[in-house]
Amino acid sequence: MNKQAFTTLEYQHLLELIKRNAQTETGQRRVDALTPIDDVDALRRELSALSECVTLRRRGVKWWFNGLSDPTEAIARLRVEGASLDPLAILQTARLCEQAMSARAAILAERENAPVLWQLVENLPRDLNSLVARVTNKILPSGELDDRASPELANIRHEINVLRSRITRSLERLMHRSAEAIQDELVTIRNDRFVIPVKADHRGRVQGVAHGYSSSGATAFVEPLETIDANNELQSLHESEAREIARILSGLSAELRAQLPAIEMAAEAVAELDFINARAVFHQTFNCVVPEIQTRRDAYTSGQLELVEARHPLLEENLRATGGAVVPVSFALDDEKNAMVISGANAGGKTVVLKTTGLLALMALSGISVPARSARFPFYASVLADIGDHQSLAANLSTFTSHVANISRMIEVCEAPALVLLDEVGTGTDPEEGSALGVAVVDHFRRVCGAHVIATTHYSGLKMYAGNEEGVINASVEFDEKTLRPTYRLVVGMAGASSGLEIARRFGVPMGIVDSAMRSVKESSLQASEYLRRIKREAEDAESLRVALEEERKAVAEKFASLDKEAVKHERERQATFEQTVQRTLADLEKRAQELVARIEDRTERVRVEREAQRQVAEMKRTVPRSVRVVREGQTVQPERVEPETEEVPQYVAAAPREIVVGDKVKLRSFGSVGVVDQIKDGLAEVRVKSLKFREKLENLELVEAPASSKLQAGKLEKLRRSANTEIHLAAAEQKAQSELNVIGRTTDEAVDAVDKFLDEASLASLSQVRIVHGHGTGALRRAIAGLLDGHPHVSRFLPAPPDQGGTGATLVELRQ
């Protein structure tokens with residue numbers, strides 16, 4: 001990577017933004033040392049760890065490393081055999097281990113969703129928890145040793161407290177006896193020994209050792225003779241306490257040294273997790289995405305560079321302070337279109353596009369997420385930039401020569417795949433020569449180096465080159481002609497005018513000067529600028545029309561979707577009515593069959609007929625070979641032709657009234673069937689209806705006769721139609737039910753009706769699976785049919801057909817059995 005590009009693109013300032021999110025000194029050092037990664041697998045691993053951390057943070061899984069100091073010095077001392085750490089260093093090391101194990105526990109619960117993070121902490125031994133417990137039981141948060149750190153320390157400190165109390169009481173009694181010689185009745189300490197304040201002019205009244213005077217000389221601090229031995233004993237106890245503390249600290253240091261590999265692993269895990277977490281906080285703060293990294297296909301290509309709504313993080317940070325917002329940038333380059341020339345007004349944002357692209361590329365290569373809606377970068381070996389004015393009087397470099405020198409170095413170090421950023425290429429010299437040089441430089445980088453090139457310019461030669469060269473894209477930064485201000489929006493596919501005179505007018509250059517300049521501009525240049533403006537206006541009009549048409553298309557689609565939903569709703573209601581009617585009809589038939597069976601005298605015959613009736617009813621419910629269509633009242637439907645029964649039966653009519661005798665044909669008023677009277681006894685008649693015999697009172701019989709030419713009409717169906725106020729048409733089923741239906745070419749309503757009838761027939765034919773062919777098209781037929789199938793009473797489940805049976809152009813339906 002070109003070091004100048006890091007400075008030009010302000011990479012270090014970006015690291016400062018991320019560094020603010022690090023909680024530990026080691027994490028901050030990891031951020032400071034961050035550079036683009038030269039191994040694509042390592043880079044993808046870093047991005048995976050970052051993505052996992054962002055996901056965990058969104059799920060509420062976080063880790064904190066508060067109050068940790070740099071463990072480097074403590075770990076270095078532990079490597080020295082026999083060296084002891086001070087209490088605070090031991091406590092800080094224990095806190096390091098404690099917070100590392102806490103982070104491990106948090107990641108453990110999510111290890112399935114964070115495999116890379118889990119690998120960082122997986123090998124931390126659980127022994128660190130017990131080590132932390134032993135340290136915190138002996139050292140207080142202030143860094144002092146707890147009295148319970150050892151029994152010997154507890155005894156020594158108890159003796160010290162007792163002796164202090166005895167010395168204090170002795171001195172208080174002495175001050176009370178010699179009150180006139182005492183300055184203040186206050187026991188104090190000088191040179192670690194208990195003393196009393198004695199007036200200097202009464203020094204001889206108190207025998208003892210003077211340990212100093214006050215600043216005014218009026219008070220002498222005297223250790224009386226009677227407390228010298230006690231003070232000596234107290235000093236001895238303090239020395240014993242210090243020796244015991246040193247022994248305890250040595251023991252704790254030895255325990256830490258025994259776990260040194262685990263402590264070093266914990267320190268590394270904390271630094272890495274803090275580093276990853278700092279990048280994750282940056283990700284959420286700037287609404288970033290994890291970029292996709294592509295590897296090139298061969299040595300002469302760079303792959304695809306794509307940015308969608310990308311933003312410059314440093315610019316966004318500055319604008320947040322003033323309440324502004326960054327205008328995002330979107331464009332794409334690939335192996336076919338590998339260069340883009342950006343033109344347009346001064347201060348319109350051309351350089352911002354270069355810096356945004358370059359900085360985001362460095363971020364992606366460093367394992368940092370980028371502020372964009374989506375981002376894709378090649379695994380660049382070189383990111384080169386010539387941006388800004390590098391003139392130097394000391395180096396004898398003008399604007400032009402500094403640019404040329406920098407471009408020369410870029411050509412030498414360029415290694416594919418590369419990203420080359422050129423700001424105002426060819427500027428600073430004769431426009432014609434500069435334009436020609438700019439074209440040659442851009443063409444060299446894209447053809448010879450195989451680089452992605454983005455260049456800004458005001459030269460017409462470069463604009464024409466981009467317009468005529470197949471692999472180069474023209475782009476411009478938008479300029480509002482009404483307000484004479486740039487909008488900072490990048491418009492891809494169209495060159496832009498520089499609008500230099502308009503900008504000069506906006507910045508207060510006198511109108512006379514601007515008008516004079518306008519008259520001096522070549523007519524061809526004016527015509528070219530006007531042509532670019534006209535293209536821009538036409539492009540804006542076309543875009544407005546496209547947006548309006550898209551809105552209209554969405555409105556129409558929503559309208560059709562609502563109509564489809566309404567149709568599905570009505571069809572479901574119709575299906576429910578259909579099912580209720582069929583159920584009522586079958587229940588009525590079953591009831592009448594039961595009444596008929598109840599009138600049969602012969603027990604054996606009655607049981608046989610009852611079983612047969614039950615079997616027939618069950619068979620009718622399951623596989624009756626007819627399709628039933630309910631016609632609602634008030635609708636006009638062409639009736640279907642009723643197929644005649646295979647057996648012709650005479651239609652009986654009432655005969656002239658007379659006494660009924662054996663052999664007469666009679667009609668049972670309670671049931672409606674016609675039979676022959678076989679026997680009459682005690683006002684009861686035995687009537688034979690085919691193979692069945694009934695006993696019925698004579699008054700319940702009607703004498704009938706059959707005209708020679710009458711045919712049986714569908715009497716029972718007419719009764720059902722009148723009782724249910726519904727017309728039912730029966731049609732004979734086909735010899736063999738079809739298992740496939742093709743509705744391609746039909747409207748959605750026609751297709752839904754056909755599929756519904758097809759499912760009825762398939763269910764009645766006991767088919768287990770059928771196929772509905774609806775084709776691909778716009779998907780309207782597939783959605784309408786899916787709406788019908790969802791919740792259909794005959795359907796168990798449905799799914800797209802496999803590729804060898806039509807794929808998504810057909811639907812397989814499994815039927816309920």
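**Close-up views of a predicted model**

The protein chain has an accessible surface of about 44,400 Å², and 51% of this belongs to carbon and sulfur atoms. Accessible areas come from the Shrake-Rupley method with a 1.4 Å probe; for residues, only the protein chains shown count as cover. The model is predicted: local features need pLDDT of at least 70, side-chain atom pairs count only at pLDDT 80 or more, and totals for chains, interfaces and linings use all residues. Residues are numbered from 1 along each chain as its sequence is written, and side-chain values use heavy atoms, with hydrogens and water left out.

**View 1. The whole chain.** The protein chain has 23 helices and 26 strands. Helices (H or I, at least four residues) and strands (E, at least two) are DSSP runs, numbered from the N terminus. Of the 817 residues, 41% count as buried. Buried means under 20% relative accessible area, exposed over 50%, and partly exposed in between (1.4 Å probe, protein chains only).

**View 2. Helices H2 and H12.** Helix H2 (residues 11-19) packs against helix H12 (residues 313-322) at an angle of about 60°, with the axes 10 Å apart. Axes are lines fitted to C-alpha atoms, for helices over the stretch in contact, and angles run from 0 to 180 degrees between N-to-C directions. H2 and H12 are therefore oblique to each other. Angles under 35 degrees count as roughly parallel, over 145 as roughly antiparallel, 65 to 115 as roughly perpendicular and the rest as oblique. His-13, Leu-14 and Leu-17 of H2 meet Pro-313, Leu-314 and Glu-317 of H12. Contact means heavy atoms within 4.5 Å. This contact of H2 with H12 has four nonpolar, one polar and one charged residues. Ala, Val, Leu, Ile, Met, Phe, Trp, Tyr, Cys and Pro count as nonpolar, Asp, Glu, Lys and Arg as charged, and the others, Gly among them, as polar.

**View 3. Helices H15 and H16.** The axes of H15 (residues 431-447) and H16 (residues 460-468) come within 8 Å and cross at roughly 35°. H15 contributes residues including Ser-435 and Asp-443, while Gly-461, Leu-462 and Tyr-465 come from H16.

**View 4. A cis proline.** The peptide bond from Ala-416 to Pro-417 is cis, with omega near -5°. Pro-417 sits in the loop between helix H14 (399-413) and strand S11 (418-422).

**View 5. Asp-192 in a loop.** Asp-192 is not a glycine, yet has a positive phi of about 65°. Its loop joins strand S1 (188-190) and strand S2 (193-199). Asp-192 counts as exposed, at 57% relative accessibility.
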